[in-house]
Amino acid sequence: MSEITKQSLSELVESIKSKKLSSSEVTKAFVERSEKSKELNAYITEDYANALNKAKKFDEKPNLDLKLPGIPMAVKDLFCTRDLRTTAGSKILNNFVPTYESTVTQNIWNEGAILMGKLNCDEFAMGSSNETSFFGNVQNPIDKNLVPGGSSGGSSSAVAAQLTPITIGTDTGGSIRQPASFTGTVGLKPTYGSCSRYGIVAFASSLDQAGPMAQNVKDCALLQEVISTYDEKDSTSIDFKRNDYSKELTKDIKGKKIGIPKEYRVDGMPKEIEDLWKKGIEYAKDCGAEIIDISLPHTNYALPTYYIVAPAEASSNLARYDGVKYGFRAEGENLIDMYEKTRSEGFGAEVQRRIMIGTYVLSSGYYDAYYLKAQKVRKLIKNDFDDAYEKVDAILTPSTPSSAFKIGEKTNDPVSMYLNDIFTVPVNLAGLPGISIPAGHDAKGYPLGLQIIGKAFDEQNILNIAYAMEEKINFKNNITDWWIK
Amino acid sequence: MSIDLKTIKHISKLSRISVDEKKAEKLAGDLNSIFNFIEKLNELKTDNVEPLTSVAETTLKLRSDEVKSKNLRDQVIKNSPKENEDYFVVPKVIE
């Protein structure tokens, strides 16, 4: 059985298409491994019995022309799934059962995949370590008591531990790429507007994007091809010509110009990150790419900008949780008292903190000083990228300023936690696609990732660069199954 | 700049999140360290910069004004904490 879960998504698709394996055999293998892996706490809600039934039904009348034929998949618990509880990692949505399906997950089921369950995440995707989840922290399969990154921490843990062949996460400031980097997996944040936001629990609407998290670049390209569609239910969805990302995938990146931004050499960055970046530059050269030094002068202002824009949008989006229409309600003496108690008891500390920041920066007298200022700086950050893309086709940076840290290490200092996203946040602010690929290990043997940032709508190009570099890097994840007794 | 307890109480009221003294003090500490970090933006001159409101340089698509889904009453009410027939129920507002 264990051999099945070791296969990549592409291999499993091939095995099912050539009838070497049935959907039931594959689903059973992943369900059994998931059941043995409860200590990772990667799942919030399991739906194994339904998954096995759906697999049986698929096998009775298999449609092998689909892109994900009978493939079991667990997804981040931020995607609404019809008739299956969707919590966003929050007490306030503890009992919420959607009556509709998110467009991204619907696209996945339309291609034949089968839902196995919902994966843990930081509450409302606000966190970088999965420690803000109401359902407890998640273990990184790399080592005990190590965070899996966040906010898509259940997703990164589940893919790295092979509890699901592939998954989806969401990325508002790094929530796909940082956990991918921490677990030795591949994570793509697509261009803003590439994947529909319909049915995804909203955090910061101008930054949120869904994307694939996978064991390798080819699998990642295949899932991106499935989830990226124009959707009239999301008014910010963009109608552009999408590639057949997996079919058009090529390792031929000869002559591609790759930019190295000097501002990403931040103060106090560990030497091993610097070394990894240098190694990455050599790999890119080996693949035939041309390396060009560039400047993104406003990089240092990206995090402060993000911590105005994201909480401002979150405070508006989360106003809907009032204990009236759905979710948790605390009893109160009157209507206002009910609202205040519901939100105080229903939201965790980090979410409350961000709602307060957002409310403050949008409040009367402070709007111009904070929110408008941040929107202007956001423009300068986007201009930096526009200028850089006059000279280069893509940009190469580290994914994170460090490897994964221990559970509890940064929970008491919000700013040090926020600094984790220093290399990923600018990409969201500019609405660009970015992919993190595993590229090496630190002295402790923990994985480190490199990020490739592309032009808007140029997912194919960064997937190709990642695909070419992946072969040269030849990364191997050290997973010992320490949690399986 | 410093955010005092009075400001915290004000934001908590606007946010509809009840905050006791202990929580208010913790929040004041956290918010002050976050705003110290945010103040960095004041180093930049932005008088002549257009604010960015949308990263996508496209205009919103128009669509025909027609009903696409209807009779969703049961679905809409299904997750409410308290309902009575077709209505959401809340604590009494008018005496």
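Residues are numbered from 1 along each chain as its sequence is written, while chains are lettered from A and ligands numbered from 1 in the order in which they are written. Because the model is predicted, local features need pLDDT of at least 70 and side-chain atom pairs count only at pLDDT 80 or more, whereas totals for chains, interfaces and linings use all residues.

**Exercise 1. Determine how the size of chain A agrees with that of a compact globule.**

Step 1. Chain A holds 16 helices and eleven strands; these are DSSP runs numbered from the N terminus, helices being H or I with at least four residues and strands E with at least two.

Step 2. The radius of gyration is taken over C-alpha atoms, and the globule rule is 2.2 Å times the number of residues to the power 0.38. For 485 residues a compact globule would have a value near 23 Å, and the 21 Å of chain A agrees with this.

Step 3. Along the principal axes, the C-alpha atoms of chain A fill a box of roughly 65 × 55 × 45 Å.

Step 4. Of the 485 residues in chain A, 61% are buried. A residue is buried if 20 or more other C-beta atoms, placed from the backbone, lie within 10 Å of its own, exposed if 12 or fewer, and partly exposed in between.

**Exercise 2. Describe the side of chain A that touches chain B.**

Step 1. Two residues are in contact if their C-beta atoms, placed from the backbone, lie within 7 Å. The contact takes 52 residues from chain A and 39 residues from chain B.

Step 2. On the side of chain A, the elements that give two or more residues are α10 (302–317), α11 (335–346), α12 (349–362), α13 (368–388) and α14 (414–418). The largest share, ten residues, comes from α13(A).

Step 3. This side of chain A divides into 24 nonpolar, 16 polar and twelve charged residues. Here Ala, Val, Leu, Ile, Met, Phe, Trp, Tyr, Cys and Pro count as nonpolar, Asp, Glu, Lys and Arg as charged, and the others, Gly among them, as polar.

**Exercise 3. Classify the packing of α10(A) against α2(B).**

Step 1. Helix α2 of chain B covers residues 21–38, and α10(A) packs with α2(B) at an angle of about 125°, their axes 8 Å apart. Axes are lines fitted to C-alpha atoms, for helices over the stretch in contact, and angles run from 0 to 180 degrees between N-to-C directions.

Step 2. Angles under 35 degrees count as roughly parallel, over 145 as roughly antiparallel, 65 to 115 as roughly perpendicular and the rest as oblique. Therefore α10(A) is oblique to α2(B).

Step 3. A:Pro304, A:Tyr307 and A:Ile308 of α10(A) meet B:Ile34, B:Phe37 and B:Ile38 of α2(B). The residues of this contact are six nonpolar, no polar and no charged.
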